[in-house]
Amino acid sequence: MNRLKFRCFVVLTLYGCGLAVIVAISEVAAASPAAGSEEATWKSPLTKEGYLGSPLVEVTPFVFQDRLYRLENHQKFFDVPGSAPGDGFLEDEVRIRDVETDELSSVALVGHAFASALVHEGVVYVFAGKHAADRPWRKITEIVMTYSSDLKTWSPPVTILRSENEEVLFNVAVCWDGDRFVLLYETNDARWPAFTFRYCENKQIKDPN
């Protein structure tokens, strides 16, 4: 049996409210599954399809109406020969691609980054960091949400979180635990190591304020 020590930074709150921090250090026992147990015979249902072969950054696979789609964060500078990372970032796109046909279904957001997707009750929700013309590339201070029930028409994006004290926001993800929506995002807040995870919670996803 191995002993694993880890440090947890847990931050739970409502969207937009002040954040409280719990820091804990504990030891967790890690043991191999017993022979013949359910864990020992379990196999992942995921199948390796190969490499995307594209300059994408963060991607989210999701199933919607029994079809496999992929959310793609596409950076504009890849389309312009000789450009540098960050060039044209206000034109960066959050794309939705049909995996089987390899065709774009739609562009959910323009001028956004670090996006991810969540499917809940027949609706696809996209969460992303919003670029700003008066701020440098990847100096994001707002996270927005948009949603669609057909992957063609998207709701106007609404800001669900703003940074505090000049912190910069990075990757974002949202899940539903059966009772609430929990949002994770990375921060560069100087009180913790870079890219510490912070968490927010809310009962409502379309009206998080």
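Predicted model: local features only at pLDDT ≥ 70, side-chain atom pairs only at ≥ 80, totals over all residues.

Residues are numbered from 1 along each chain as its sequence is written, and side-chain values use heavy atoms, with hydrogens and water left out.

Strands are DSSP runs of E with at least two residues, numbered from the N terminus.

Two strands pair if DSSP finds at least two bridges between them. Strand β7 (residues 112-120) runs antiparallel to β8 and is joined to it by 7 bridges. In this pairing H112 stands opposite K130 of β8. The hairpin of β7 and β8 has 2 residues between the strands, and E121 takes a positive phi near 50° there. Strand β9 (residues 142-148) is also antiparallel to β8, with 6 bridges between them. V126 has T146 in β9 as its bridge partner.

**Pocket and cavity**

Both kinds of space are found on a 1 Å grid over the protein atoms alone: a cavity is a set of points where a 1.4 Å probe fits but cannot get out, and a pocket is an open set with protein on both sides within 12 Å along at least five of seven lines; lining residues have an atom within 4 Å of a point. Grid points are joined across faces, edges and corners, and a volume is the space filled by probe spheres set on the points.

A search of the whole structure finds 1 cavity of 30 Å³ or more. Among the 13 residues lining the largest cavity, V57, Q75, D92, A113 and F114 are the closest to its centre. β4 and β7 are the elements that give two or more residues to this lining, and β7 gives the most, with 3 residues.

The largest pocket is also lined by 13 residues, with T47, E49, P61, L68 and V99 nearest its centre. β3 (59-64) and β4 (67-74) each supply at least two lining residues, and β4 gives the most, with 3.

The table sets out volumes and lining classes. Ala, Val, Leu, Ile, Met, Phe, Trp, Tyr, Cys and Pro count as nonpolar, Asp, Glu, Lys and Arg as charged, and the others, Gly among them, as polar.

| Space | Volume | Lining residues by class |
|---|---|---|
| Largest pocket | about 400 Å³ | 8 nonpolar, 2 polar, 3 charged |
| Largest cavity | about 80 Å³ | 4 nonpolar, 5 polar, 4 charged |

Terms used
Helix = DSSP H or I, 4+ residues; strand = E, 2+ residues; numbered from the N terminus.
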